[in-house]
Amino acid sequence: MYTASEPIIMAKIIWQDPATHENHDFVLAEGATVSIGRLDSNDICIREQHVSRQHAVINYREGLFLITDLDSANGVYVNNQRVTQPYPLASGDEIRLYVPVLHFAAIVSEEEQREAMEHGTLITALGNTGKGQLVITNGPQEGQAIPLLIDKLTVGRATSKATWEICLQDPSVSRPHAELEMIDNIWVVTDLGSSNGTSVNSNPVTEKGRALNDGDVITFGATVILFRSM
């Protein structure tokens with residue numbers, strides 16, 4: 001019987017290793033975020049040459065799991081259609097990262113849930129702890145993780161005279177570009193009138209700011225960044 005302390009299980013992801021054909025199962029609870037890529041730091045690590053270090057993210061928004069391409073080199077395909085915007089997943093969908101294939105399902109048996117808990121493959125939601133980090137997913141700084149250690153940081157283009165805390169090696173990023181501030185234990189991103197804009201999950205950010213949740217995808221100019229709670 002479900003109790004308030006137990007996560008609500010919503011879905012599962014099965015991916016097949018293209019080399020060994022072995023299946024790997026992950027169970028997703030309500031609110032979970034799942035990063036997928038070649039780096040060990042990902043929730044699902046796929047060590048395959050066509051997979052980017054930070055390739056895609058699946059996160060939970062308003063009752064749905066959506067998958068977003070993190071500007072990967074070889075793209076994300078759902079049912080053989082390339083995904084260019086956050087895409088809602090339905091049970092039975094096939095996700096392809098150029099070569100590796102993952103299957104998304106909305107039915108999870110009690111045995112599968114028990115095995116996931118035993119094997120450490122149950123992925124649950126992370127709360128707003130006030131801590132966080134940014135993971136750069138494209139360009140020359142791909143894979144770099146930037147911990148948010150102070151309550152207010154400015155993001156801007158990397159130059160010899162830059163005074164901002166987060167410097168991005170991207171000519172489309174303004175000098176400065178945006179600001180990150182912790183307000184009431186929640187990180188908020190605000191655009192500073194940049195030339196090429198700031199967006200979160202493909203939605204433009206204004207001077208009023210936008211609160212961030214675990215798994216949100218932030219774009220500063222042409223640089224794509226994954227926000228993770230810690």
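Modeller: For charge, Lys and Arg count as positive and Asp and Glu as negative, while His and the chain ends are not counted. Each charge is placed at NZ of Lys, CZ of Arg, CG of Asp or CD of Glu. The chain here has 16 positive and 29 negative side chains, and the centres of the two sets are 9 Å apart.

Biologist: What kind of model is this?

Modeller: This is a predicted model, where local features need pLDDT of at least 70, side-chain atom pairs count only at pLDDT 80 or more, and totals for chains, interfaces and linings use all residues. Residues are numbered from 1 along each chain as its sequence is written, and side-chain values use heavy atoms, leaving out hydrogens and water.

Biologist: How many helices and strands are in the chain?

Modeller: Both are DSSP runs numbered from the N terminus: helices are H or I with at least four residues, strands E with at least two. The chain has 1 helix and 23 strands.

Biologist: Is Cys45 buried or exposed?

Modeller: Buried means under 20% relative accessible area, exposed over 50%, and partly exposed in between (1.4 Å probe, protein chains only). Cys45 counts as buried because its relative accessibility is 19%. Cys167, at 29%, counts as partly exposed. Of the 230 residues in the chain, 45% are buried.

Biologist: How many disulfides are there?

Modeller: A disulfide is a pair of cysteine sulfur atoms within 2.5 Å. By this rule the count is 0.

Biologist: What does the C-alpha trace span?

Modeller: Along its principal axes, the trace spans about 55 × 40 × 25 Å.
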